[in-house]
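Subject: Structure handover

Hello,

Please find the structure below, followed by notes on what was found in it.

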Amino acid sequence: MKIITPKSMFLLLICFCLKKTTLAQTMPVIGNDITICKGSSGTRTINISNKSSITHGTAPYRYSWLLLNGGEYTVLANGTVDSLLYLEDYNLDISQIKSTSILRLEIIGSLNENNDSSIYLFDDKEIIVQKPNVSLLNSNVCEDSYTIIYAEACNIDNSPYTYSYVYNDPLESNYNALLINTTEWMSADSFILNIASYIDDTENKEINVRVRIKDVNNDIQESDNLKINVINMGTPALPTFKYLCNNGKADVTLELDGMDESNLTYNWFKFVSLDSSFLIQDSINKSITFDNGGIYYAAVYKTNTTGGSCIAHTSKVNVINMATVDPNVLAERNYLESEEDSILLYFTYPFNPIIRDLINIVWLKDNTIIDGATKLEYWAKEPGMYRAVLYDLCNFETNSNALVIMQNTINVKEIQFLNSFSIYPNPTNGNILLSNKSNDLLVNPIEIRIYDINGKVIYQTTEKTKSKIEIDISDKLDGIYFLKMTIPDKNIYQTSRIIKIKN
């Protein structure tokens, strides 16, 4: 191909300006404007009409087929004919047409036999390059949402098509990575893009996708870049715990992890069970003040450009009202079976490990501090009265209940009787059966108490000794409880942990 320089083009235009008025009606016509699909191959025949109408000039006539693209004319083909009647239709190779261009037929001939001057004629037709029509359901999306890619081919000849959905992998320099759950060529002309699958691969929270469309001739159309903006919700966080002293207040503020705070709204929630919570009224700010203990979390909403909202939930913050904490201590049993035996003493209250680092605990036996006994649990190896003291968290100390541990020298029959009870089912949905495998039934009644994790008695009854005792706590919240069976007259008891789960 030959490129026509600006100088030669200037001379041609001057010649055209001089002759166009008188010769415009005598120029052969090259048909209508042409529409092709981007990425198509093959040829397109350009028909020429009105070939015999030129009456000016003499042979030979020089003709050129030119393509105007980007400010320059590229010579596609040229030649000479003695008569315009012999000017043949042109087969345009459309694979070389990359964008919308101008196709020109240019004819130059002499005005007389002496070649005193020349005639210059031309006809232009626009070559329109269509791209596939590809769009997104939503180009601004949440990190945990989805969008749909719609692909419509440039379908001039009603050809069947297949589709390839690709994205720009940050590790690559071009669009070679197939979207997850797609194949190289598939028949679906739309695809649901799950944003969460690409968050770890995206840079600056942006995904760029393209669609390639192939026809039966293996011609491939490629869409422009589709940019998907992923709204960065970050990881809003809360402190692990806060505590209230003497019925005071605790201020809690969200940590937004660098999130853009424009168009953000907030709601705060309080848990009423392991999987149930309620909205705190008028809690619409980044910060909140609590005056009640409990477990809380926040939801952060960000409005996107389509009017929807993205949402992120924080972790939980445990707000503890130390003024109401009852450091209740339980034991598995209150009797040592031998001189080598030991009994585990423990708190019913589930202390957070972080809180544990901020409080001091000491254990006492017969009102004397036990050296080195500063953990949440203590193994009692001797008879005596045991209790624990918590102090310094809110500059006051709290005493637990007292436990009396006895040496097993008497009441063997009663101890064996308590040991013979089994508890099932455990975990339970609320109905508990205490089954006594012993054939011996005592005259003494059994006192049964159930404690929650705060040491509060939630169930209490006294039963005559019998082989089976039924208990119903189905109206209580899910969680961990402690069941204590006592023979009051003998001051002998045994404690077991039970778990209540959702029905």
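Two strands are taken to pair if DSSP finds at least two bridges between them. Helices (H or I, at least four residues) and strands (E, at least two) are DSSP runs, numbered from the N terminus. This is a predicted model, so local features need pLDDT of at least 70 and side-chain atom pairs count only at pLDDT 80 or more, while totals for chains, interfaces and linings use all residues. Residues are numbered from 1 along each chain as its sequence is written, and side-chain values use heavy atoms, with hydrogens and water left out.

The sheet with β37 and β40

Strand β37 (residues 446-451) is antiparallel to strand β40 (residues 479-487), and five bridges hold the pairing.

The chain as a whole

The chain has three helices and 41 strands. Of its 503 residues, 44% count as buried (buried is under 20% relative accessible area, exposed over 50%, partly exposed in between, with a 1.4 Å probe and protein chains only). Among contacts (heavy atoms within 4.5 Å) between residues at least 6 apart in sequence, 59% join residues at least 24 apart. The accessible surface comes to about 26,600 Å², and carbon and sulfur atoms account for 47% of that. Accessible areas come from the Shrake-Rupley method with a 1.4 Å probe; for residues, only the protein chains shown count as cover.

Strand β23 and its partners

Strand β23 (residues 294-303) is mostly covered, with seven of its 10 residues buried. Strand β20 (residues 264-273) runs antiparallel to β23 and is joined to it by seven bridges; phenylalanine 269 has tyrosine 297 in β23 as its bridge partner. β23 also pairs in the antiparallel sense with strand β24 (residues 309-313), over five bridges, and lysine 302 stands opposite cysteine 310 in β24. With strand β25 (residues 317-321) β23 forms three bridges, again antiparallel, and glycine 294 stands opposite valine 319 in β25.

Backbone details in loops

The loop between β35 (421-424) and β36 (431-436) holds proline 425, which is joined to tyrosine 424 by a cis peptide bond with omega about -5 degrees. Proline 427 is found in the loop between β35 and β36, and the peptide bond to proline 427 from asparagine 426 is cis, with omega near 10 degrees.

Aspartate 282 is not a glycine but has a positive phi of about 60 degrees. Its place is the loop between β21 (276-279) and β22 (287-290), and aspartate 282 counts as exposed because its relative accessibility is 71%. Asparagine 367, also not a glycine, has a positive phi of about 65 degrees. Asparagine 367 sits in the loop between β29 (360-365) and β30 (368-369) and is partly exposed, with a relative accessible area of 49%.

Regards
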